[in-house]
Amino acid sequence: MSVQLVIPALTFHTIDGTISTLDTERYARRAAATWADLFILSGTTTNGHTATTAERAATIDIWTAVINPERITACCWSPADVAEAERRGITPMVVLRDLHTLDQARRFLAALPNTSYVFSHPEFSGHTLSPELARVATANGCLPRGAKVSKVSPEDLATLRVATGPTFTLWDGTARHIATSLTAGANGIVAAPLSHIPEPFPARDVPALQDAIDQTQTVLDRLPNRAARTDALIDRARRGMTTRSA
C-alpha cells in the first residue's frame with residue numbers, strides 16, 4: 001500500500017526567543033536525509049501561527065539552503081505569507097481562516113495561486129474544505145492543488161475524495177490509522193509524531209510507519225496541550241541531533 005509521508009517541521013529558538021538558524025539548519029539537514037515526501041514549514045505543530053511574517057519567511061530561507069524546494073511547503077497564515085512563499089519558489093499551503101459561508105470560502109479559494117495547497121482545520125475556520133465546497137470550487141475552476149484536512153472522519157474523508165476527484169492530493173491530518181486513511185482515499189498522512197526525525201527512521205511501509213508513530217503518539221497523548229507536545233518534540237529532536245553529532 002503506497003503512502004505519502006508529510007511531516008510538520010519544527011523550528012528552533014534561542015533563549016531570547018529568536019529563531020536559532022544553526023539548530024534549525026541542522027534539523028533541516030537531518031530531515032532532508034530521510035525519504036519523507038514533504039515538510040510543512042510554520043504549521044501548527046511548531047506554533048507557526050504565532051510567528052511573524054518575517055520569521056516565517058526566514059524559516060523558508062533556512063530550509064531552502066539545504067533541501068530541494070519541491071520537498072517543502074510553507075504554511076501561510078496571511079496574504080503576505082503567500083507572497084513570501086511565491087517569491088522564493090515555494091508552494092504555499094494556505095490556511096482556511098475565518099470563513100463562515102460557502103460563497104466566502106469559494107471566493108477565498110478563487111484568490112489563491114493555482115498551485116496552492118490548503119490547510120483545513122475547524123479550529124481556524126467555520127467553513128472547512130467540505131465536499132460541497134470542493135464541488136463548487138471545481139465548477140468554478142478554483143479547486144486547489146491539494147489539501148491537508150484535519151478533524152475529518154474516514155467516512156467524511158472518503159466523501160471528500162469523491163468530491164475532489166482522483167488528481168487532487170489529499171492528506172489526512174491524523175496519522176493514528178494510516179491504513180484506514182489510505183483506504184478512504186487519502187494519498188498520505190501528516191505525521192506530527194515523526195517531527196523529531198527519529199533514528200532509525202521508519203521504512204516506507206505502513207506497519208513500520210504506524211508502529212513508529214504510535215510509540216511517540218502514546219507519549220504525546222499524556223501531555224496537556226499543544227505547547228507541551230511541541231516542547232516534547234523539540235526536546236527529542238535536540239537529543240537526536242546531539243547524539244548524532246557526538
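**Reading burial and packing**

Modeller: Let's start with burial: at 15% relative accessibility, Gln217 counts as buried (buried is under 20% relative accessible area, exposed over 50%, partly exposed in between, using a 1.4 Å probe and protein chains only). Please keep in mind that this is a predicted model, where local features need pLDDT of at least 70, side-chain atom pairs count only at pLDDT 80 or more, and totals for chains, interfaces and linings use all residues. Residues are numbered from 1 along each chain as its sequence is written, and side-chain values use heavy atoms, with hydrogens and water left out.

Biologist: Where does Gln217 lie, and which residues is Gln217 in contact with?

Modeller: Gln217 is in helix α8 (helices, H or I of at least four residues, and strands, E of at least two, are DSSP runs numbered from the N terminus). Setting aside neighbours within four places in sequence, Gln217 is in contact with Arg176 and Pro193 (heavy atoms within 4.5 Å).

Biologist: How do I read a nonpolar core, and which residues of the largest one touch the most other members?

Modeller: A nonpolar core is a set of buried Ala, Val, Leu, Ile, Met, Phe, Trp, Tyr and Cys residues joined through side-chain atoms within 4.5 Å. Here the largest core has 60 residues, and Leu5, Tyr27, Phe39, Trp63, Leu129 and Leu194 touch the most other members. Helix α8 (residues 206–220) gives the most to this core, with five residues. A second, separate core has twelve residues, among them Val6, Cys75, Phe119 and Trp171.

Biologist: Take Leu129 as an example. What does Leu129 touch?

Modeller: Not counting residues up to four places away in sequence, Leu129 touches Leu96, Val118, Ser120, Ala147, Val149, Leu160 and Phe168.

Biologist: How are two packed helices described?

Modeller: By the angle between their axes and the distance between the axes. The axes are lines fitted to C-alpha atoms, for helices over the stretch in contact, with angles from 0 to 180 degrees between N-to-C directions. In this model, α5 (residues 131–139) and α6 (residues 154–164) pack at about 5°, with axes 8 Å apart. That makes α5 roughly parallel to α6 (under 35 degrees; over 145 is roughly antiparallel, 65 to 115 roughly perpendicular and the rest oblique).

Biologist: Which residues of α5 and α6 meet?

Modeller: From α5, Pro131, Ala134, Arg135 and Thr138 meet Thr159, Leu160, Ala163 and Thr164 of α6. By class, this contact of α5 with α6 has four nonpolar, three polar and one charged residues (Ala, Val, Leu, Ile, Met, Phe, Trp, Tyr, Cys and Pro are nonpolar, Asp, Glu, Lys and Arg charged, and the others, Gly among them, polar).

Biologist: And how many aromatic pairs are there?

Modeller: Rings of Phe, Tyr and Trp (its six-membered ring) pair if their centres lie within 6.5 Å; planes under 30 degrees apart are stacked, over 60 edge-to-face and the rest tilted. By this rule, the count is seven aromatic pairs. Trp77 and Phe124 have ring centres 5.0 Å apart and planes at 70°, so they are edge-to-face. Trp77 sits in the loop between β3 (72–76) and α3 (79–87) and Phe124 in the loop between β5 (117–120) and α5, so the pair ties together parts 47 residues apart in sequence. Phe12, Tyr27, Phe39 and Trp63 form one aromatic cluster.

Biologist: Are Trp77 and Phe124 buried or exposed?

Modeller: Trp77 is buried, at 6% relative accessible area, and Phe124 is buried too, at 11%. Beyond four places in sequence, the contacts of Trp77 include Ser42, His49, Arg56, Phe119 and Phe124.

Biologist: What should I look for in the backbone?

Modeller: Most residues other than glycine have a negative phi, and most peptide bonds are trans. In this model, Ser42 has a positive phi of about 60° although it is not a glycine. Ser42 lies in the loop between β2 (38–41) and α2 (53–64) and is buried, at 5% relative accessibility. Asp98 also has a positive phi, near 55°, and is found in the loop between β4 (91–95) and α4 (102–110).

Biologist: Which residues does a cis peptide bond join?

Modeller: Glu199 and Pro200, with omega about 0°. Pro200 lies in the loop between β8 (188–190) and α8.
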